[in-house]
Amino acid sequence: MYDRRNQAGWTLWETIVGLSLMSLALIVFGGVFTSTETLVRDGRAKHRAEEMLRRNLEALANVLRDADAETLSGFDSTGKSLSPTFAKVTDVDEIGVVYGPNEQLRWSASPGSIPGVASPGKVVLAKSGLERVIADRVPAGAFSVQWNDGTLVVEVSTYYVVDNHTEVVRGRTAIAVRN
């Protein structure tokens, strides 16, 4: 007579059920892995964008900190400017205050295209015919300076791209103008 207990191996149904359960586990694990990878990528892009924003705000504040309040210009009736002009005090003599050349902060377009950013650019400092990049990775329309009772409030947005994912963050800082 035939005795199943002495047989080694699995039946067809046991094999099908086992393979189905393993396939389901792989699908679930793959989905979790993909979600985690996307989350890590998005987090990395946001972290880099915030880091760039902090550097940009600090650099802009350093430039504007030495601006003389009497020389500030380029502000509209609400006190807002997209390209403020100013001069710094370089010396004080018996005649009075000596100013350096006029300087202007303004947005400038960058070549190329960035996914998720209509017009990539940077904020430059124009002085004596030369331009120096102060804040990089700034989209068009994302830089402004507000003049309010002796304080300049700088607002800027910064973008960063990781694996074709663009993260844009916005921040502001206030600078008490000296002099």
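Asn148 sits opposite Thr151 of β9. This is a predicted model, where local features need pLDDT of at least 70, side-chain atom pairs count only at pLDDT 80 or more, and totals for chains, interfaces and linings use all residues. Residues are numbered from 1 along each chain as its sequence is written, and side-chain values use heavy atoms, with hydrogens and water left out. Helices (H or I, at least four residues) and strands (E, at least two) are DSSP runs, numbered from the N terminus.

**The sheet**
- The open sheet has 4 strands, ordered β1-β8-β9-β10, with antiparallel pairing; two strands pair if DSSP finds at least two bridges between them.
- β1 (80–81) and β10 (165–176) are the edge strands, each pairing on one side only.
- Strands β8 (residues 143–148) and β9 (residues 151–162) run antiparallel and are joined by 6 bridges.

- His47 counts as partly exposed because its relative accessibility is 46% (buried means under 20% relative accessible area, exposed over 50%, partly exposed in between, with a 1.4 Å probe and protein chains only).
- Between the C-alpha atoms of His47 and Thr15, 32 residues apart along the chain, there are 47 Å.

- Not counting residues up to four places away in sequence, Phe143 touches residues including Leu60, Leu105 and Val154 (contact means heavy atoms within 4.5 Å).
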